[in-house]
Each structure stands twice: as structure tokens, then as C-alpha cells.
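This report goes through contacts, salt bridges and ring pairs in the model shown below.

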Amino acid sequence: MKSKWWLIALAICLVVACLAPLASSSPDGLERVAEDAGFIGLGQDAPYQVIADYVFPGIENEALATILAGIIGTLVLFGAAYGLAWLLKTRKRRTA
Amino acid sequence: MHIPDGFLNAATVATTCAVSAGGIGGAVRIVGKKLGEKQVPLMGILAAFIFAAQMLNFPVAGGTSGHVIGAALAAILLGPWAAVLIMSCVLIAQSLIFQDGGLLALGANIFNMGIVASFSAYYIYKLVTWLAGANRRGTLIGGFVAAWFSVFLASIFCAIELALSGSSPFGVVLPAMAGVHALIGIGEGLITGAVLGLVLATRADLLQLQRT
């Protein structure tokens with residue numbers, strides 16, 4: 001059981017992602033400063049959109065679209081960072 | 001604090017991209033040498049947790065919100081170099097998949113929220129636990145103080161980049177960024193302390209890995 005502690009931790013992360021629709025939609029610190037100081041207009045949108053602004057495209061229910069975006073991102077990042085760490089560790093063993 | 005494209009000029013983009021690329025290169029080398037068996041899944045968990053937690057904007061004064069950066073938590077649990085790698089993974093995915101933070105601004109975002117936040121948090125945590133003792137109390141106080149400073153200092157560097165880019169004068173953007181992030185940093189401190197408390201209660205051995 002102890003070796004699978006990360007499964008429980010990953011489940012906690014997914015629960016956190018499911019709380020995302022409750023998040024405040026007010027502008028964040030930088031956006032607020034950019035609005036107040038009058039340079040928010042300089043910002044450019046990305047040239048393409050995948051899951052822009054954490055809302056999965058094509059789903060009417062915004063809470064559901066946000067949760068889906070959160071779950072995808074959480075799993076992608078677990079996989080990416082786990083994979084990177086695993087690669088670095090295996091490479092170390094080969095060169096050692 | 002994710003900078004979109006358009007806020008930074010070419011010189012700032014080039015400089016921050018070069019520094020961050022060098023930082024990631026150094027992190028790959030050092031983490032590759034030091035990483036232990038137990039730390040591989042922890043890297044994945046921290047990246048997943050930081051991504052999820054960053055979606056939870058909490059309200060701060062005056063119709064503004066903030067979210068955690070998470071670099072302090074990663075730096076305390078895994079060291080500053082691993083934290084730079086974790087933050088880079090999160091920021092790259094946010095920019096590429098979720099259009100949060102510009103592509104050209106990625107270097108600046110990795111510098112502020114990855115390199116500055118991770119290293120400042122790590123050394124401030126070391127200092128506070130040295131002063132307060134490496135016990136439960138010291139860990140929680142150190143986590144709170146380190147997390148607050150990581151947000152505050154990241155926002156100062158962000159403001160410097162914006163001012164150097166000519167988006168806004170120093171005298172306007174520096175106090176504004178520092179002021180609002182001094183508040184957001186309290187949230188970062190409380191959440192970092194709460195997660196460290198949970199780790200101490202369930203997997204205190206994870207905090208010991210750093211000392212070996």
C-alpha cells in the first residue's frame with residue numbers, strides 16, 4: 001500500500017481540480033494592475049486555442065467544461081513530470 | 001501572474017528566455033544526478049497538484065483574485081532545482097494547452113514563478129527553520145514565510161520586466177504589483193503551510209529526503 005501512496009495523492013489532486021468551478025472569476029493580481037495602469041490593451045491572444053482559459057470547448061455547461069479541463073491538465077502534468085523524472089533517473093543509472 | 005504576449009518587449013523576451021533556458025539546463029543536470037527512487041512519483045504529484053491548485057483563484061481585496069504559485073511547496077519538498085523543473089512543466093503546459101501565459105512570455109514566466117520563486121522560497125525556508133528549529137513548528141512557520149516571499153519577489157521581478165519593456169513606468173507598476181501580491185502571498189503562505197502540515201502528518205519521511 002505504501003508504494004502506491006501517489007495514487008491517493010493523485011486522487012486528491014483530481015478532487016482539487018473538480019473544485020475549479022468555485023474559483024473566483026475576478027481578474028488576478030497582474031490583470032488588475034494592467035487594467036488600473038492602463039496597459040491591459042497591450043496583451044495579445046494566443047495565435048491558436050486548445051483548451052483556452054481552462055474551459056473545454058464544445059461543452060455547454062461551463063462548470064463541467066472547467067472540471068474536464070482541470071482533470072485533463074492534472075493528468076497531463078502528472079504524466080509529464082513523472083515521465084521527465086523517470087527519464088532523468090534512468091539516464092543517471094546508465095551513465096553511472 | 002502569468003504574463004501574456006504583448007506586455008514585454010523583444011529585449012526582455014530574449015533575456016528572460018535565455019536565462020530560463022539556462023536555468024532549465026542546469027536543473028536537468030543537477031536533478032538527474034540527485035533524484036532518488038521515491039522522488040520520481042513525487043515530481044508527478046507536485047506538478048499535478050500545482051496545476052490543479054493554480055485553477056482555484058481566491059478573492060483578495062477589491063474585486064481582485066489570486067492563486068497559488070506552488071513553487072515554495074515544491075522547493076521545500078524537493079529542492080530548488082527540482083522545483084524549477086516542476087514549475088517549467090506546469091507553465092509550459094498552461095501556455096501551450098490552456099492559453100494561460102504567452103508563448104514568447106514563457107521565459108519570463110518561468111523566470112519569475114519558477115526560478116525566482118523556487119530559489120527564494122528554498123533559502124528563506126532554510127533560514128527560518130534554522131532560526132525556529134527543524135521541528136513541526138519551524139516547518140510550518142518556514143513554509144508560510146518562504147511562500148509569502150516567493151510570491152512577493154516573483155511579483156517584483158514581474159514588475160521590473162514590465163517596466164523595462166515600457167508597458168508601465170516603474171513608479172506605477174512596482175508598488176501596484178508588490179501591494180496586491182503582498183496580499184496574495186498570504187494565501188500562498190496559508191495553503192503551503194496547510195499542505196506541509198498534511199505531509200508532516202501522513203508522510204513526514206518526504207520532508208527528510210531533502211536533508212540527505
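A residue is called buried when its relative accessible area is under 20%, exposed when it is over 50%, and partly exposed in between (1.4 Å probe, protein chains only). By this rule B:Ser65 is buried, with a relative accessible area of 0%.

The model is predicted, so local features need pLDDT of at least 70 and side-chain atom pairs count only at pLDDT 80 or more, while totals for chains, interfaces and linings use all residues. Residues are numbered from 1 along each chain as its sequence is written, chains are lettered from A and ligands numbered from 1 in the order in which they are written, and side-chain values use heavy atoms, with hydrogens and water left out.

**Around B:Ser65**

B:Ser65 sits in strand E2 (residues 64-66) of chain B. Helices (H or I, at least four residues) and strands (E, at least two) are DSSP runs, numbered from the N terminus. Two partners of the B:Ser65 side chain can be named. One is the backbone oxygen of A:Ser26, reached at 2.9 Å. The other is the side chain of B:Asn57, with which B:Ser65 makes a polar contact at 2.9 Å. A polar contact is a pair of N or O atoms within 3.5 Å; within protein, one must be able to donate a hydrogen and the other to accept it, and residues adjacent in sequence count only if both atoms are side-chain atoms.

Contact in general means heavy atoms within 4.5 Å. Leaving out residues up to four places away in sequence, B:Ser65 touches residues of chain A including A:Ser24, A:Pro27, A:Asp28 and A:Gly29. In chain B, the residues that B:Ser65 touches include B:Phe58, B:Pro59, B:Val60 and B:Ile184.

**The interface of chain A and chain B**

How many residues does each chain bring to the contact? Chain A gives 53 residues and chain B gives 61 residues. The area buried between the two chains is about 4800 Å², and carbon and sulfur atoms give 74% of it. Buried area here is the accessible area (1.4 Å probe) that two parts lose on being put together, summed over both.

Across this interface, 16 residue pairs are in polar contact, both residues being at pLDDT 80 or more. On the side of chain A that touches chain B, helix H1 (5-18), helix H2 (29-36) and helix H3 (62-95) of chain A each supply at least two residues. The largest share of that side, 18 residues, comes from H3(A). Sorted by class, the side has 35 nonpolar, 10 polar and eight charged residues. In this sorting Ala, Val, Leu, Ile, Met, Phe, Trp, Tyr, Cys and Pro count as nonpolar, Asp, Glu, Lys and Arg as charged, and the others, Gly among them, as polar.

**Salt bridges**

A salt bridge is a side-chain nitrogen of Lys or Arg within 4 Å of a carboxyl oxygen of Asp or Glu. The whole structure has four salt bridges over all chains, and the count between chain A and chain B is one.

| Salt bridge | Closest N to O distance |
|---|---|
| A:Lys89 and B:Glu37 | 3.3 Å |
| B:Lys38 and B:Asp205 | 3.2 Å |

B:Lys38 lies in the loop between H1 and H2 of chain B and B:Asp205 in helix H8 (residues 204-208) of chain B, so the pair ties together parts that are 167 residues apart in sequence. B:Lys38 is partly exposed at 44%, and B:Asp205 is partly exposed at 22%. B:Lys38 and B:Asp205 also belong, with B:Arg203, to a network of salt bridges.

A:Arg32 and A:Asp36 are both in helix H2 of chain A, four residues apart, about one turn of the helix. A:Asp36 is exposed, with a relative accessible area of 61%.

**Aromatic pairs**

Rings of Phe, Tyr and Trp (its six-membered ring) pair if their centres lie within 6.5 Å; planes under 30 degrees apart count as stacked, over 60 as edge-to-face and the rest as tilted. The count is 12 aromatic pairs over all chains. The ring centres of B:Phe51 and B:Phe98 are 5.1 Å apart and their planes stand at 40°, so this pair is tilted. B:Phe51 in helix H2 (residues 39-54) and B:Phe98 in helix H4 (residues 80-98) of chain B are 47 residues apart. B:Phe51 is buried at 0%, and B:Phe98 is buried at 1%.
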